[in-house]
Amino acid sequence: MTATSPATSTDTVLSVRDLRVWYGTDRGPVRAVDGVSFDLRKGETLGLVGESGSGKSTLGRGLIGLLPEGAQTDGAVHFEGRDLLRVAGKELRALRGPELGMIFQEPMTRLNPLMRISEHFEEALKVHAPGLGKDEVRHRALEVLRLMGIPPTRYRSYPHEFSGGMRQRLMIALALVLRPRFVVADEPTTALDVLVEAQIIRILHDLRRDFDTSLLLITHNLGIVAEACDRVAVMYAGRIVEIGDATEVFRNPQHPYTQALLRSTISLSTTGLNFIPGAPPDLVQPPSGCRFHPRCEHAMQVCADRMPIEIGVGGTHAVECWLHGPEEYKSAENTRPLQREEISVADEA
Amino acid sequence: MGITQRVIAPFKQTTGLARWILLSGLVLVALFILLAIFAPWIAPYGHAQVRVDGEMFPKNGPPSAEHWLGTTEGFYDVYSRVIWGSRTALQVVIISVVLSVLLGAPLGLISGYIGGWLDRVLVLVMDALYSFPSLLLAIVFAFLLSDLLGGGVLSAGVALTVIYVPQYFRVVRNTTISAREATYVEAARAMGAPRRTVITKYLFGNVVQNVPVIGTLNAADAIGTLAALGFLGLGIQPGEAAEWGYDLQRALPGASAGIWWTGVFPGLAIVLLVTGLTLVGEGLNETVNPTLRKRRLLPFSLPPRETAAVIADEPKDDR
Amino acid sequence: MASAGGSLPRYIVQRVLLIVPMVLILVTIVFLLLRVAPGDPVSASVGGRLSEAAQAERRAALGLDRPLYVQYFEYLGDVATLQFGETISDNRPILDIVKENGGATLTLAVAAFLIALAIGLPLGAIAGRFRDSAGDVVIRIFGVITYAAPVFYWGLLFQLLFAGTLGWLPSSGAATPVTIFEVETKTHILLIDAIIAGDSDAVVDVLEHLILPAFTLGLLLSGIFIRLVRVNMLQTLQGDYIEAARARGIGELRVLRAHAYRNALVPLVTVIGLQVALLMSGAVLTEATFNWPGLGNELIEYINQRDYAAVQGIITLFAVVVVLVSIAIDIITALIDPRVRY
């Protein structure tokens, strides 16, 4: 799964190695993404789940290069023979649109209120495919809009004439009109109500069939992942703690955090509320060793001492947890349960 | 938070460029306040003095040892009149701003709290006043008041009041309306506090925070308007007190003859004081208005990656 | 198509209706203030020159002996039918004053406004885009100083430099007496009349006289425009759609031009339009500084003669102009921003 060199399979679209994204704040650098590696294949949808503040949004933006000034990156993001982290600004901008795409969270404010929808499309196509004639531009735009369920009669409307759900579909259409190979969707349905959410997820699910696009779907909603994703990666405190086939991970979660997440999901059969004890991790001074250890009921001594190493647990399923090895580093000594003082509620806060 | 603390808070919260702007503004304003207070000791001559020891000052005399900034065509000493002018300017502005707040804020408070037709009428009147050219309004009032109150500082101060009332009215009214809906007010009323108590105790403090920004910007405008009135001959009469705008009017005819000191210095005083007040106001505004604040990321250095081998050998935390 | 068409006329009618109470209030305020003045307007302005009997006659003619509310309604009627009456001191119909001198003020105002736009908009946009850079600071200081210095101070400085020391430009009047004499008066706007007459010397002369006053007033306004455009630019650049455009690989220059600048200007149209009040105050002062033969200059003359009828008439006119411009601005905003019509 994780090699130290980029995968050579011709199927792989994106190859991320040891990606780090840190921000400077007055308390010290925030380690939003702290060593993330994964691959993404053609036409595959990878779900990225985690709590707020786990760094998933930063990861998505970091891949496309939409980080604020002052953020620093390290590692490599291999895409079509280039390392996106080392590509010049102008070249990266040329890639955005035709090769890379982004779908944002709040559709209400992401369209220019003074420009018609047609003008948005014309602009994107004119910038990246200047040779196209006006009719061809219109044809392409209408085609992708049709796939999103937007009728051609609305082509010349203004953004404020659409509802939230429709605007998100417009955003998706705009992101896809140039057929990029890789798209990041950053919580695309969080700002929408549940019924609309289902439609959007359906659209994203069908992306693979219609466009052959690889999608990184960032969300905190596990239900969406189950619906629309081939694989899922679970993120905690800037690291991926578990990754694998979506059905497999949900059926057989290996990391205590993933298990806790699944337990706390509310469904019709929920009888009691579960939550994960403890506070979200401080990304400026993360806990030593495994970052989840202060909140993990299975924590051992080694968990507080060393960062666990990623280990495969069957097929494409991998996890970063001392419970699963590797055995060389475990001993009778350090597998004893972790001694913890009683953390009072006040201390946590 | 006490009321003084609330007023001072915006001053304390500024950082970076906004702080520099604020500080330079404060320095300028402080300078003029000092000039105003200590005028009798600093100014070599009186504001309308034309002779000393029986000897007349020169007419339009250039800057010299006896008259550092020269003399005017009316035989006045420019330096003295600039200093005395500070006192006039500050007196007028203080009267004007204080009166505007005393008129505008309570009206805004009541209007915002009670609402209804009173509110609607007041808003319409205030909007009309606000949209009217302020100088023209000041001219009309000065026109009136010069008969009633004479041509002195008080008359000028009152003439400048009405122009600024709408701003305080509006800001206080808007803050009142949003504060009125706040839950702590609801709680107070649930406990049976009478309307008057609710207004004075709970809403007043909230509202006071906005006043410093508007007050300083108003003061800046008032100085300019006062000078304009003086320039048009409608302001403070020369005998009553020294006023920079009046001096500028008197200096104009001499411009083509190259007599520059009579106008350049009083004008410079106006520019400095108004700039100082504007800088203070703008500096505060950058703090008070959160949408303008830029969230800045600080520089730092990214430590090198630790490879798996390193982690394997040293059982230390990966900091 | 859902935009334009039916909703725009309806919107215009709405705005016009809202404006009427405003005009009413302003006009009433002017009326009350001037009536409230102690002393008697007639004696104040012509008391020294006319006998008691003649003064009494004047008062009757002006309707000053009638009860206040009657005067008020007569006054309203006069305003509505655009009969502003005559001045007290020299019996000149106020409409004549407006006709003869309004053109000069209009020329000055328009020229100054254009200069202010040309200076203020680009500088404000640059300052907004490159926030906190050296250029931003310099531009902002420039903006503050142009506003802090009274317009007549700038006038003085320009006169000292250009008329006094350098002797390049004239410092008073709208044209030399020769030009004024020679150019036939058709529109009462000297510049246009000179152009119509085809007299190039006259046109040059008029323009020479226009430069200093227009630039002085324009400079004052540009300071405010800089500040407004900058703030708007800052807020617009934080917009989500800006980031979304960048995410589509739209180049920085295009983002600024097509998304940021244009969107920043929309709220500005309203605010800049509101500066017409400032423009008028500034025009009055500029005309006094440069002896420019406009309405402002006339106003000051009549103020010094304590001629309340003239003052009332001219100021009422200013009030009406402010309100009309306000409506025009609202309509323009509705044309530019499709969201407003709803």
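## Interface and sheet

Across the interface of chain C and chain A, eleven residue pairs are found in polar contact, both residues of each pair at pLDDT 80 or more; the model is a predicted one. On the side of chain C that touches chain A, helix H11 (240-247) and helix H12 (252-274) of chain C each supply at least two residues, and H12(C) gives the most, with seven residues. Sorted by class, this side of chain C has eleven nonpolar, five polar and nine charged residues. Between chain C and chain A there are five salt bridges, including one between A:Glu123 and C:Arg254, whose closest N and O atoms are 2.8 Å apart.

The extent of the interface can be set out as follows.

| Item (chain C and chain A) | Value |
|---|---|
| Residues of chain C in contact with chain A | 25 residues |
| Residues of chain A in contact with chain C | 27 residues |
| Area buried between chain C and chain A | about 2300 Å² |
| Part of that area given by carbon and sulfur atoms | 57% |

C:Glu243, C:Ala247 and C:Arg248 supply 26% of the area that chain C buries against chain A, more than any other three residues.

Chain A also holds an open sheet of eight strands with mixed pairing, in the order E6-E7-E8-E3-E9-E10-E12-E11. Because strand E6 (100-103) and strand E11 (310-312) of chain A stand at the edges with a single partner strand each, one side of each is left without a neighbour in the sheet. From one strand to the next, the twist averages 20°. E11(A) is joined by three bridges to strand E12 (residues 318-320) of chain A, and the two run antiparallel; in E12(A), A:Glu320 is the bridge partner of A:Glu310. Helix H9 (residues 256-263) of chain A lies across strand E9 (231-236) and strand E10 (239-245) of chain A, running at about 105° to E9(A).

Terms used. Residues are numbered from 1 along each chain as its sequence is written. Chains are lettered from A and ligands numbered from 1 in the order in which they are written. This is a predicted model: local features need pLDDT of at least 70, side-chain atom pairs count only at pLDDT 80 or more; totals for chains, interfaces and linings use all residues. Side-chain values use heavy atoms; hydrogens and water are left out. Two strands pair if DSSP finds at least two bridges between them. Helices (H or I, at least four residues) and strands (E, at least two) are DSSP runs, numbered from the N terminus. Axes are lines fitted to C-alpha atoms, for helices over the stretch in contact, and angles run from 0 to 180 degrees between N-to-C directions. Contact means heavy atoms within 4.5 Å. Buried area is the accessible area (1.4 Å probe) that two parts lose on being put together, summed over both. A salt bridge is a side-chain nitrogen of Lys or Arg within 4 Å of a carboxyl oxygen of Asp or Glu. A polar contact is a pair of N or O atoms within 3.5 Å; within protein, one must be able to donate a hydrogen and the other to accept it, and residues adjacent in sequence count only if both atoms are side-chain atoms. Ala, Val, Leu, Ile, Met, Phe, Trp, Tyr, Cys and Pro count as nonpolar, Asp, Glu, Lys and Arg as charged, and the others, Gly among them, as polar.
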